[in-house]
Every structure is written in C-alpha cells, then in structure tokens.
Amino acid sequence: MPARSTVGHLVAAAHPGPTAVVTSLAAVLGASARLPARRLLTLTGAVLSGQLTIGWSNDLIDHGRDTLSGRRDKPLATGVLSPRVVRFAIGVAASTCVVLSSLCGRRAGALHGVLVGSGWAYNLGLKQTPASFVPYAVAFGALPQVPTLCDVPPRTAPATRSVAGALLGISAHLLNVLPDLADDRRTGVHGLPHRLSDRQIRSAAAACLAAAGAAAQREVALGRSGRAALGAITGGLGSVVAVGRGTAPFYAAAAAALVDALTLIAAARSGAAGSGATRSNRRPGNRERRGPSTR
C-alpha cells in the first residue's frame with residue numbers, strides 16, 4: 001500500500017471531524033487563557049494525539065460490526081487499511097500523548113489522561129449501556145479545565161465552564177448517533193440514544209444545548225439586551241433541533257454548538273484577563289506604596 005494512501009486512510013479512520021473540533025477547541029481555549037506559545041503547542045499536541053488514539057481505537061474495536069453493516073466510509077471495514085497499521089499508529093499516538101501530557105504539568109496531564117480515558121471507556125463498552133453519555137460529559141466537562149491547569153501557576157477554571165462543556169458533550173453524543181441509529185441497533189449497540197425515539201433524542205439535545213449556553217453566559221459581560229439576544233438565538237436554534245425536518249436539525253445543532261463554544265471561549269478570555277491583572281498586581285514593581293512610618 002503506498003505511503004500516501006496509508007496516511008490518507010489513517011486520517012479517515014481517526015474520525016477527523018470530531019478530532020479536529022476537540023483539538024481546535026482546546027487550542028483556542030489555551031490561546032484564550034494566554035498560555036505561552038510553547039505550552040500552547042504542547043497542549044495542542046497532547047490533545048491531538050489523545051484524540052487520534054480514541055478515533056483509531058473506535059474503528060479498530062468496531063471493525064467487525066462496521067464490516068457487517070457494510071460501512072463504505074470506514075477504511076478498516078472496506079479492507080483498504082490493515083488493523084496492524086492501526087495498532088501501530090495507536091501505539092505511537094498514545095506514547096506521544098503520555099509524553100506531551102506530562103509536559104503540560106502534573107495536574108493538567110492527569111486530567112487530560114481522564115479525558116482520553118473516558119473516550120476509551122466509551123469505545124470499550126460504555127457505548128452499549130444506558131451510561132453511554134457519561135464519557136462525553138466527563139471528557140467535555142474536563143476540556144475547559146485542562147488549558148488553565150496547563151498554565152504556570154496552574155489555576156482552576158470556574159465550574160460553570162465545565163458544566164457547559166459537559167452539556168455540550170451530552171448533546172454531541174445524542175446527535176452524533178442519529179445517522180447510525182439503524183445500523184447500531186441491528187448490530188447490538190444499545191446506548192442511551194438507542195433507547196429513545198428520534199424526537200426524544202433531538203428534544204434532549206436541544207435542552208442540553210440551551211442549558212450549556214446559559215451556563216457559559218454566566219461569565220460573559222453581555223448586559224441585559226445582549227443576553228436576551230443570545231438567548232433568542234440559541235432558543236430558536238434549539239427549536240429547530242427539536243422539531244425541524246430534513247437536514248435542518250443537524251445544521252441548527254451545529255450552529256447552536258458553535259455559539260455555545262464561542263461563549264465558552266469568550267468566558268475563558270475574560271477569565272484570563274482577570275487572572276492576568278491579578279498576577280500583574282502582585283509583581284514587586286506594582287506593590288502599593290506605603291506612607292511614611294508613624295513610629
């Protein structure tokens with residue numbers, strides 16, 4: 001198999017869409033937290049390598065199921081990509097992830113390990129249980145904390161960001177399975193979304209998106225009119241997700257998730273500005289001058 005073909009098939013097997021979204025969100029959150037360039041690159045590399053292991057392991061574990069379902073979009077299922085190559089790629093990516101995560105600092109590295117472990121737990125069996133949403137909630141809830149813990153000194157982001165991230169993760173899980181519901185049920189996958197109707201899935205996803213937006217907005221200074229406008233936008237998109245037809249719910253969900261993600265980023269920027277000012281005020285040159293001694 002030509003090298004270029006192998007690389008292309010590996011990219012296709014890594015779930016490039018979700019991998020790119022999570023990695024980009026981590027990078028933007030890191031930049032918003034004003035991480036130094038070297039730490040930002042280390043963080044981005046750690047998240048990317050971790051997401052690659054999750055994507056490849058998903059296709060490797062589901063190899064037989066995807067083959068039975070006739071998935072033409074899966075390189076392993078069509079036989080154009082060897083499982084041996086995927087196993088080797090997972091080993092390289094996992095080793096890279098461990099090294100880069102450790103360079104992010106003890107707390108950030110440990111939490112990123114939890115994030116990646118959640119993805120593997122989903123692939124290894126939780127996807128077939130009513131708790132299939134838990135790995136998504138844990139991973140996306142942890143994601144806003146990793147960049148701030150990567151800072152020096154490490155700092156914890158407000159809990160509202162993790163709440164918003166967790167709700168975004170649950171909505172992503174609910175909507176992500178919609179195109180594959182029939183194939184999944186036929187091959188024995190019975191996660192939480194598979195136990196719900198199509199309408200229930202979309203309604204729950206819309207509610208999670210709306211709640212994620214509300215949580216993220218708590219840190220952003222929008223004013224009453226700004227919050228009302230943003231609430232109207234997310235509410236309208238949520239309604240389309242819940243009751244729309246055709247491809248409209250998918251695009252509305254993507255738009256609502258983007259709005260929520262941008263709100264999270266804005267919150268991270270405002271939080272970084274505040275923490276930067278606090279650090280600046282603690283520098284020796286900025287100490288408050290005392291008046292003459294009265295002794």
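Helix H10 covers residues 159–176, and its 18 residues reach 25 Å from first C-alpha to last, close to the 26 Å expected at 1.5 Å a residue. H10 is also mostly covered, with 13 of its 18 residues buried. Keep in mind that this is a predicted model. The chain it belongs to has 14 helices and 0 strands.

**The chain as a whole**

- Read from the N terminus, the elements go α-α-α-α-α-α-α-α-α-α-α-α-α-α.
- The chain has 295 residues, and 44% of them count as buried.
- Take the contacts in the chain with a separation of 6 or more: 74% of them come from residues 24 or more positions apart.

- The pLDDT averages 84 over the chain, and 88% of the residues score at least 70.
- Residues 277–295 are another matter, with pLDDT below 50. Beyond near neighbours in sequence, that stretch has 4 contacts in the model.

**H6 against H7**

- For two packed helices, the things to quote are the angle between the axes and the distance between them.
- Here, the axes of H6 (residues 83–103) and H7 come within 9 Å and cross at roughly 155°.
- That angle is over 145 degrees, so H6 and H7 are roughly antiparallel to each other.
- Which residues meet across this pair? On the H6 side they are Ile90, Cys97 and Ser101, and on the H7 side Gly109, His112, Val116 and Trp120.

**The aromatic cluster**

- The structure holds 2 aromatic pairs.
- One of them is Tyr122 with Tyr136, an edge-to-face pair at 5.3 Å centre to centre, with 85° between the planes. This pair links distant parts of the chain: Tyr122 sits in H7 (residues 106–124) and Tyr136 in H8 (residues 134–142), 14 residues apart.
- Tyr122 and Tyr136 are both buried. For Tyr136, the relative accessibility is 18%, so this residue falls under the 20% cut-off.
- Tyr136 also pairs with Phe140, this time stacked, at 6.4 Å centre to centre and 5° between the planes. Tyr136 and Phe140 are 4 residues apart in H8, so about one helical turn separates them.
- Put together, the ring pairs link Tyr122, Tyr136 and Phe140 into a cluster.

- As background, most residues other than glycine have a negative phi, and most peptide bonds are trans.
- Where is the cis peptide bond? It joins Val152 and Pro153, with omega at about -5°. Pro153 lies in the loop between H9 (145–149) and H10.
- His15 has a positive phi of about 55°, although it is not a glycine. You'll find His15 in the loop between H1 (3–13) and H2 (16–32). Is His15 buried, partly exposed or exposed? At 24% relative accessibility, His15 counts as partly exposed.
- Arg34 is another residue other than glycine with a positive value, its phi being near 60°. Arg34 belongs to the loop between H2 and H3 (37–61). With a relative accessible area of 52%, Arg34 is exposed, because the cut-off for that label is over 50%.

Notes: Residues are numbered from 1 along each chain as its sequence is written. This is a predicted model: local features need pLDDT of at least 70, side-chain atom pairs count only at pLDDT 80 or more; totals for chains, interfaces and linings use all residues. Side-chain values use heavy atoms; hydrogens and water are left out. Rings of Phe, Tyr and Trp (its six-membered ring) pair if their centres lie within 6.5 Å; planes under 30 degrees apart count as stacked, over 60 as edge-to-face and the rest as tilted. Helices (H or I, at least four residues) and strands (E, at least two) are DSSP runs, numbered from the N terminus. Buried means under 20% relative accessible area, exposed over 50%, partly exposed in between (1.4 Å probe, protein chains only). The expected span of a helix is 1.5 Å times one less than its number of residues. pLDDT is the predictor's confidence in each residue, from 0 to 100. Contact means heavy atoms within 4.5 Å. Axes are lines fitted to C-alpha atoms, for helices over the stretch in contact, and angles run from 0 to 180 degrees between N-to-C directions. Angles under 35 degrees count as roughly parallel, over 145 as roughly antiparallel, 65 to 115 as roughly perpendicular and the rest as oblique.
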